[in-house]
Amino acid sequence: MTVKLTDQEVKDALTALKGWALKDGKLCIELEFENFISAFAFMTRIALRAEKIDHHPEWSNVYKKVSIALTTHDAGGLSAKDLALANAIMQELDR
């Protein structure tokens, strides 16, 4: 079973994750891209990374905007898996 992060661990993680916020117990970010193709290509790259780490985001795409919410359902909140995926997302944005 995956271990839920403590409130302090979440707080510490948020200081390192620029643009992310805690909403309703989930780690969230709203991203805007140049166009739909760029947004969808980004989602495809993240989908491949998410599959490799076996942790999948809650997300949506409307035109050039992508909304992402991360949580670990079996932990009842945020876990190290969410931080790993958030960091992978940030790495992809930095490319």
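Visitor: Hi! Which helix gives the largest share of the nonpolar patch?

Guide: Welcome! In this predicted model, helix 2, residues 36–53, contributes the largest share, with three residues.

Visitor: And which residues make the nonpolar surface patch?

Guide: F36, I37, F40, V62 and Y63 make it, and the patch is about 570 Å².

Visitor: Let's take I37, then. Is I37 buried or exposed?

Guide: Exposed. I37, which sits in helix 2, has a relative accessibility of 61%, and because exposed means over 50%, I37 counts as exposed.

Visitor: What other residues are exposed on that side of helix 2?

Guide: L48, E51 and K52 are exposed there along with I37.

Visitor: Okay, and which residues of helix 2 are buried?

Guide: Those are A39, F42, M43, I46 and A50. They lie on the same side of helix 2, because they cover an arc of only 100 degrees around the axis.

Visitor: What do those buried residues pack against?

Guide: They pack against strand 2 (26–32), strand 3 (58–62), strand 4 (65–70) and helix 3 (80–93).

Visitor: What is F42 in contact with?

Guide: Leaving aside neighbours within four places in sequence, F42 is in contact with L31, F33, V66, I68, I89, E92 and L93. With V66, which is 24 residues apart from F42 along the chain, the C-alpha atoms are separated by 9.1 Å.

Visitor: New topic: how many residues does helix 2 have?

Guide: Helix 2 has 18 residues. From first C-alpha to last, helix 2 reaches 26 Å, close to the 26 Å expected at 1.5 Å a residue.

Methods. Residues are numbered from 1 along each chain as its sequence is written. This is a predicted model: local features need pLDDT of at least 70, side-chain atom pairs count only at pLDDT 80 or more; totals for chains, interfaces and linings use all residues. Side-chain values use heavy atoms; hydrogens and water are left out. Patches are made of residues with over 30% relative accessible area and no salt bridge: like charges are joined within 9 Å, nonpolar side chains (Val, Leu, Ile, Met, Phe, Trp, Tyr) within 5 Å. Accessible areas come from the Shrake-Rupley method with a 1.4 Å probe; for residues, only the protein chains shown count as cover. A salt bridge is a side-chain nitrogen of Lys or Arg within 4 Å of a carboxyl oxygen of Asp or Glu. Helices (H or I, at least four residues) and strands (E, at least two) are DSSP runs, numbered from the N terminus. Buried means under 20% relative accessible area, exposed over 50%, partly exposed in between (1.4 Å probe, protein chains only). The expected span of a helix is 1.5 Å times one less than its number of residues. The arc is that of the directions from the helix axis to the C-beta atoms. Contact means heavy atoms within 4.5 Å.
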